[in-house]
Amino acid sequence: MFTVTHPHPHPPQDNPKVMLQGITWQTYQSLVQDLESQPAKRLTYDNGMLEIFMPLPPHETYKRLLGRLVEIVTEELDLEIRSLSASTWSRKDLLKGVEADECYYVQNESAVRGKMEIDLSIDPPPDLAIEIDISSPSLPRLPIYAALGVPEVWQFDGENFKILGLAATEYVAQRQSLALPMVTGEVVQRLLLQAQEMGETSWAKAVRQWVKEQGDSVV
């Protein structure tokens, strides 16, 4: 776990959320379809319980910063990825579903290249999911990711950043990324802290320069 200290602390602002019980799988799938054109609403489903929440600007800011970090690193390392942003991942046999803030295929990119419909009962799950938990969800999301078999989750709550790797049925903290071994918690801590003092374009350039400076040590 790594802590990012904010220069101007402010109390957390809760994301508007609704928790519903007794929701059938069919109703959940219908809502996923109905809300597809409203990406500001996120759905989490676990065995009849459904949470709907609306992300606020801090949530969206951090998810894109971490997403851009992944995209810059993989571009500079010539790694092919499949980025699927806030796609819905679900399995009917498990009665579980979740929408990541950002998600990527890295090691398994070739297995889903060109596929417009990914079925987690036969296809691999994303190699990396990004979770911004500034407002703690009422419905725990990590157990859902674990059940779906997502190998790695980056989690940030506005202050504490974690790289989590799946070990059997639960996540444990890791020093470095499984999907992108050059990325460590210390690096992300420093970069998120820099992002508070820089414009986003300048920050992205600084990230790109950092990757280039690693040279052969990151290949």
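**Close-up 1. Pairing of F156 with F161 in the predicted model.** In this predicted model, F156 has F161 of strand 11 as its bridge partner. Strand 10 (residues 152-156) and strand 11 (residues 160-167) run antiparallel and are joined by 5 bridges. The hairpin made by strand 10 and strand 11 has 3 residues between the strands. In this hairpin, G158 has a positive phi near 100 degrees.

**Close-up 2. The hairpin of strand 11 and strand 12.** Strand 11 is also joined to strand 12 (residues 170-174), again by 5 bridges in an antiparallel arrangement. L166 is found opposite Y171 of strand 12. Between strand 11 and strand 12 there are 2 residues. The turn contains A168, whose phi is positive, at about 65 degrees.

**Close-up 3. The buried residues of helix 5.** Helix 5 covers residues 185-195, and its buried residues are G185, V187, V188, L191, L192 and A195. Viewed down the helix axis, these buried residues fall within an arc of 155 degrees, so they line one face of helix 5. An α-helix has 3.6 residues a turn, so residues three or four places apart point the same way.

**Close-up 4. The surroundings of L65.** L65 is part of helix 2 (residues 57-76). L65 counts as buried because its relative accessibility is 6%, the cut-off being under 20%. Apart from neighbours within four places in sequence, L65 is in contact with A195, E200 and W203. L65 and W203 are 138 residues apart in sequence, and their C-alpha atoms are 9.1 Å apart in space.

Notes: Residues numbered from 1 in each chain as written. Predicted model: local features only at pLDDT ≥ 70, side-chain atom pairs only at ≥ 80, totals over all residues. Heavy atoms only, no water. Pairing = 2+ DSSP bridges. Helix = DSSP H or I, 4+ residues; strand = E, 2+ residues; numbered from the N terminus. Buried < 20%, exposed > 50% of the residue type's maximum accessible area, 1.4 Å probe, protein only. Arc of directions from axis to C-beta. Contact = heavy atoms within 4.5 Å.
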